[in-house]
Amino acid sequence: MSPIRSIALILALTMPAAQTLAADTVGGHYRMGDQRFELKHGVAIRLWQDAERETFGVVLGEGPLDATAASGALDPLDAIASSAPADSGTLLMTLVRDEQSLQIGSLIARPDSFSTNGDGNERVSIEAERLRGQWTKPETEFFDKTYEMGLSFDLPLAVFSDPGQPLPADGGEPGKAYLAFIDVLRKRDTKAIIAKQALAADMVEILGEDSIVEIATMAHPETAEVVGGWIDGERAQLRIKGRHAYGQTVRGRVEMKNDGGVWKVGDNALR
């Protein structure tokens, strides 16, 4: 067989496989009033998965995005969006899957912080660890402005590793400390609530004890389950699922800091 025929045969055999490889694509635009930006780059990630709920995140924007910014972040979607060039436009979306469908749960446009959610006309799906979506929002009144957008994406779920070492499913010592905090929070034990948080030195003086307790009550669930996390020296991060006092289930991440051998509660991103 001649070299030319050999090359032709190789191409013929490999072409079907090559055609099955999906290309990463992002397109569309967002406009609010006179401000408009094009969508050229995107990152898709899995935000949460348990027996009841699976949530994905997608960031689309003008400039390049760094998926590795999600590693160790309390809010991975925010971290990826913040990796975009300064003053460039980005859209942050959460996609929620229940037993029947995958829908846009929320969309935030930056830099104007406009937020909305899906309207039932979005077409989003996941297959073979790829997120695909199309959505057109026609011109809509918003106070004294109008906004509209059209977006499409076909992206693989980016994989990123946590820093440090994995914690056991119950969160180990940081997990025990967080559950102890939830216990005193439920009891409204003001002194203990303050003592178990990694607060700035002047925070209590500035806000007052009652405000500190109220803020913590609003931010954290009434009952909680630790479902893993990671630890890196004097800091740790827990994955939390719990029931808020208002009745809704919240999920997300909580920062823990080791202060003189005592684990204390830091910032959180629970929704």
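**Briefing: helix packing, aromatic pairs and strand pairing**

The buried residues of helix α6 pack against α3 (172-186), α4 (190-195) and α5 (203-207), where contact means heavy atoms within 4.5 Å. This is a predicted model, in which local features need pLDDT of at least 70, side-chain atom pairs count only at pLDDT 80 or more, and totals for chains, interfaces and linings use all residues. Residues are numbered from 1 along each chain as its sequence is written, and side-chain values use heavy atoms, with hydrogens and water left out. Helices (H or I, at least four residues) and strands (E, at least two) are DSSP runs, numbered from the N terminus.

**Helix α6**

- Helix α6 covers residues 209-219, and its buried residues are I212, V213, A216 and T217.
- Viewed down the axis of α6, these buried residues fall within an arc of 130°, so they line one face of the helix; the arc is that of the directions from the helix axis to the C-beta atoms.
- An α-helix has 3.6 residues a turn, so residues three or four places apart point the same way.
- Buried means under 20% relative accessible area, exposed means over 50%, and partly exposed lies in between (1.4 Å probe, protein chains only).

**Aromatic pairs**

- Rings of Phe, Tyr and Trp (its six-membered ring) pair if their centres lie within 6.5 Å; planes under 30 degrees apart count as stacked, over 60 as edge-to-face and the rest as tilted.
- By this rule the model holds six aromatic pairs.
- One of them is the edge-to-face pair of F114 and F142, at 4.8 Å centre to centre with 80° between the planes.
- This pair links distant parts of the chain, with F114 in strand β7 (residues 114-116) and F142 in strand β9 (residues 130-142), 28 residues apart.
- F114 counts as buried at 6% relative accessibility, whereas F142 is partly exposed at 32%.
- The rings of F114 and Y147 have centres 4.4 Å apart and planes at 50°, so this pair is tilted.
- Y147 lies in strand β10 (residues 145-156) and F114 in β7, so the pair ties together parts that are 33 residues apart in sequence.
- Both F114 and Y147 are buried.
- Ring pairs link F114, F142, F143 and Y147 into a cluster.

**Strand pairing**

- Two strands pair if DSSP finds at least two bridges between them.
- Strands β11 (residues 165-166) and β12 (residues 223-232) run antiparallel and are joined by two bridges; Q165 stands opposite I231 in β12.
- Eight bridges join β12 to the antiparallel strand β13 (residues 235-243), where K241 is the bridge partner of E225.
- β12 and β13 form a hairpin with two residues between them, and G233 in the turn has a positive phi of about 65°.
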